[in-house]
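I opened the model to follow its strands, then its cores, and then a few single residues. My entries are below.

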Amino acid sequence: MTEPASHAPPVPPGGPVPLAQPLALGLLVDMLRVRRMEEKCAELYGAGKIRGFLHLYIGQEAVAAGALRALRTEDKVLATYREHGHALLRGVPMKALMAEMYGKREGCSRGRGGSMHLFSAATNFYGGNAIVGGALPLAVGLALALKMQQQPGLAACFFGEGAVAEGAFHEALNLAALWQLPVLFCCENNLYAMGTALARSQAQTDLCRMAEAHCVASERVDGMDVVAVHLALRARAAQVRSEGRPAFVELQTYRYRAHSMFDPDLYRDKAEIEAWKTRGPIHSYTARLKAQGWLGEAEFLALDAQAQQEVQQAVDFAEAGTWEPVEDLLRDLHTPAAAPAATAAPAATASP
């Protein structure tokens, strides 16, 4: 068993990228799309265009990018309230995501879910979930349905390390192992949950040991390295499919922004944040691609410009979107009342 995560960033990977060039460049594009969208969301929140809660994914892009390309279209994907990147890379159009965060009717949840409740049945993306650990039992239920209906696919559930303090975490892993269900548990360990360091809330900080206590195979991966994430998740997904049993992957990562836009971020040292930024998943990966001769600065700038153009188009779409009319606000809140069943007229009786 490897040592549990510390608060120091891991040593950046080096050497050639062991992937086909189109896939290698695609992973970079994925991370750029997520990063530029998130940066714009922060700007729009400050301008009052996006309201409510907003949890940014900046710094963790390698996890969503590496993992989502390891999954298949029939797989069910569930995430937390920090799910913009997962939804985007799962195939939900950026325009629909931005409109949802604006609260517009053209959003993927018709403007009713906002940042924390992105949803798309068409892409098998079963939500952002605002409840910590809320997606874990849902993933088990989806996997159980796949097994009972003898359908292909697995349920991939993304959650933060703060969820291991919830009973739902232990119940979900136990049932997945007990019933031998195809669940891929993906724990994005960014060290602080909402704002509490893992060692301050858990006596056992080795998350892989927690999973193994429930007889679930586990692995720890550098979540700042998109290649390591992709290779690990691809192998684990194949294992889950072939064995029909769950697996747990701890992805050691770090968010550069506060927990949410309301968080003053007073629980960690600024020097620590800057140290982790030197391990930024985009620039460290870009450096490897350049060293390999697969990417030049002009090509990188072109890819970045393309991502920023997509973001601007999404903003324009959201700005032009429409608000739900007042008369529709109660739509889908109540099941329509069934029409009363027709009663037969009483049979006529003979006069005495």
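**Strands.** I looked up A156 and found it opposite L184 in β3. The pairing of β2 with strand β3 (residues 183-189) is parallel and has six bridges. Two strands count as paired if DSSP finds at least two bridges between them. On strand β1 (residues 76-78), I noted three bridges to β2, again parallel. L78 has C157 of β2 as its bridge partner. Helices (H or I, at least four residues) and strands (E, at least two) are DSSP runs, numbered from the N terminus.

I noted the source next. This is a predicted model, in which local features need pLDDT of at least 70 and side-chain atom pairs count only at pLDDT 80 or more, while totals for chains, interfaces and linings use all residues. Residues are numbered from 1 along each chain as its sequence is written, and side-chain values use heavy atoms, with hydrogens and water left out.

I then checked the connection. A right-handed β-α-β unit is made by β2, helix α6 (residues 167-178) and β3. Right-handed means that, with the strands pointing away from the viewer, the path from the first strand over the helix to the second runs clockwise.

**Cover.** How many of the six residues of strand β2 (residues 155-160) are buried? I found five, so I logged the strand as mostly covered (buried is under 20% relative accessible area, exposed over 50%, partly exposed in between; 1.4 Å probe, protein chains only). For helix α2 (residues 61-68), eight of its eight residues are buried. Among them are E61, A62 and G66.

**Cores.** The largest nonpolar core has 77 residues. Such a core is a set of buried Ala, Val, Leu, Ile, Met, Phe, Trp, Tyr and Cys residues joined through side-chain atoms within 4.5 Å. M98, F158, L184, L233 and Y285 have the most contacts inside the core. Helix α1 (residues 21-46) gives the most to this core, with 12 residues. A second, separate core holds 27 residues, including L78, A135, A155 and C157.

Beyond residues up to four places away in sequence, Y285 touches V17, A24, L25, L27, L28, M31, V226 and V227. Contact here means heavy atoms within 4.5 Å.

**D225.** I found D225 in the loop between β4 (217-222) and α9 (226-243). Is D225 buried or exposed? D225 is buried, at a relative accessible area of 9%. Its side chain reaches the backbone nitrogen of V227 at 3.1 Å. A polar contact is a pair of N or O atoms within 3.5 Å; within protein, one must be able to donate a hydrogen and the other to accept it, and residues adjacent in sequence count only if both atoms are side-chain atoms. Leaving aside neighbours within four places in sequence, I listed P13, A62, R279 and R288 as contacts of D225.

**Helix α10.** Within α10 (residues 270-277), E272, I273 and W276 are buried. They span an arc of only 100° around the axis, so they sit on the same side of α10. The arc is taken from the directions from the helix axis to the C-beta atoms. At the start of α10, a side-chain oxygen of D269 comes to within 2.9 Å of the backbone nitrogen of A271.

**Positive phi.** A193 is not a glycine, yet its phi is positive, near 45°. I placed A193 in the loop between β3 and α7 (198-201). A193 is partly exposed, at 24% relative accessible area. D332, also not a glycine, has a positive phi of about 70°. D332 is in the segment after α12, and is exposed at 55%.
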